[in-house]
Amino acid sequence: MSHSMLFTLPDTEGNNFNIAEHLPAVVYFYPKDSTPGCTTEAQEFSALLPQFKQLGYNVIGISRDSQKSHHNFICKYELNITLLSDSEETVCRQFDVLKEKNMYGKKVFGIERSTFILNQDGQITQEWRKVKAAGHAQIVLNTLQQYA
């Protein structure tokens, strides 16, 4: 029995979003608001949200960006998914998505694009790491539809 991966983070309105109240859920981690890959991924999850909801799943995106940045990202691209701000990296560490990357010859720690399916008890039932943004939301949806 895997342990529960519950967490609480601020949403774009500054409210505490407690994942326990929104399960089951698709939780995805992404590097940065408004960058090409992250925008593609967020738009695809947004477009497919009704189908995720139909299966009973919420979709939650998490990055280290500020609430304001998330808010702008949502407004700019008319996203309808929930974005949470993990500026302290606590949840990133909990899910082990911080990886050393090479940026212009410097080693930096960044979020490796990753997605997790959490069941009703907050346990991970499926995970994808080193995700390619384009087409990923559909892959996750197809996986859930197989369980349904």
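1. Start with Lys130. This residue is exposed, with a relative accessible area of 65%. The model is a predicted one.

2. Lys130 and Glu112 join side chains in a salt bridge, 4.0 Å from N to O. Where do the two residues lie? Lys130 sits in the loop between strand E9 (124–128) and H4, and Glu112 in the loop between strand E7 (106–111) and E8, so the pair ties together parts 18 residues apart in sequence.

3. How many salt bridges are there? The count comes to seven. One of them links Arg64 and Glu89, with 2.6 Å from N to O. Arg64 belongs to the loop between E4 and H2, and Glu89 to the loop between strand E5 (82–85) and H3; the pair therefore ties together parts that are 25 residues apart in sequence. Arg64 has 28% relative accessibility, so it counts as partly exposed.

4. Another salt bridge pairs Asp96 with Lys99, and their closest N and O atoms are 3.3 Å apart. Asp96 is partly exposed, at 42% relative accessible area. Lys99 is also partly exposed, at 25%.

5. Now the aromatic rings. The structure holds nine aromatic pairs. In one of them, the ring centres of Phe7 and Phe95 are 5.9 Å apart and the planes meet at 80°, so this pair is edge-to-face. Phe7 lies in the segment before strand E1 (8–10), while Phe95 lies in the loop between helix H3 (90–94) and strand E6 (98–103); the pair thus ties together parts 88 residues apart in sequence. Both residues are buried.

6. Phe95 also pairs with Phe29. That pair is tilted, with 5.2 Å centre to centre and 50° between the planes. Phe29 is in strand E3 (residues 25–29), so its pairing with Phe95 ties together parts that are 66 residues apart in sequence. Phe29 is buried too.

7. Next, helix H1 (residues 36–54). Its 19 residues should span 27 Å at 1.5 Å a residue, and its end C-alpha atoms are 28 Å apart, which agrees. A kink of about 55° lies at Leu48, shortly before Pro50. Gly56 follows H1 and has a positive phi, near 95°.

8. What does H1 pack against? Its buried residues pack against E3, strand E4 (58–63), helix H2 (67–77), strand E8 (114–118) and helix H4 (136–147). Among these buried residues are Phe45, Leu48 and Phe52. Phe45 and Phe52 also belong to a cluster linked by ring pairs, together with Tyr28, Tyr30, Phe73 and Tyr77.

Technical notes: Residues numbered from 1 in each chain as written. Predicted model: local features only at pLDDT ≥ 70, side-chain atom pairs only at ≥ 80, totals over all residues. Heavy atoms only, no water. Phe/Tyr/Trp six-rings, centres within 6.5 Å; stacked < 30°, edge-to-face > 60°. Helix = DSSP H or I, 4+ residues; strand = E, 2+ residues; numbered from the N terminus. Buried < 20%, exposed > 50% of the residue type's maximum accessible area, 1.4 Å probe, protein only. Expected span 1.5 Å × (residues − 1). Bend = angle between axes of the 7 residues up to and from the residue. Contact = heavy atoms within 4.5 Å.
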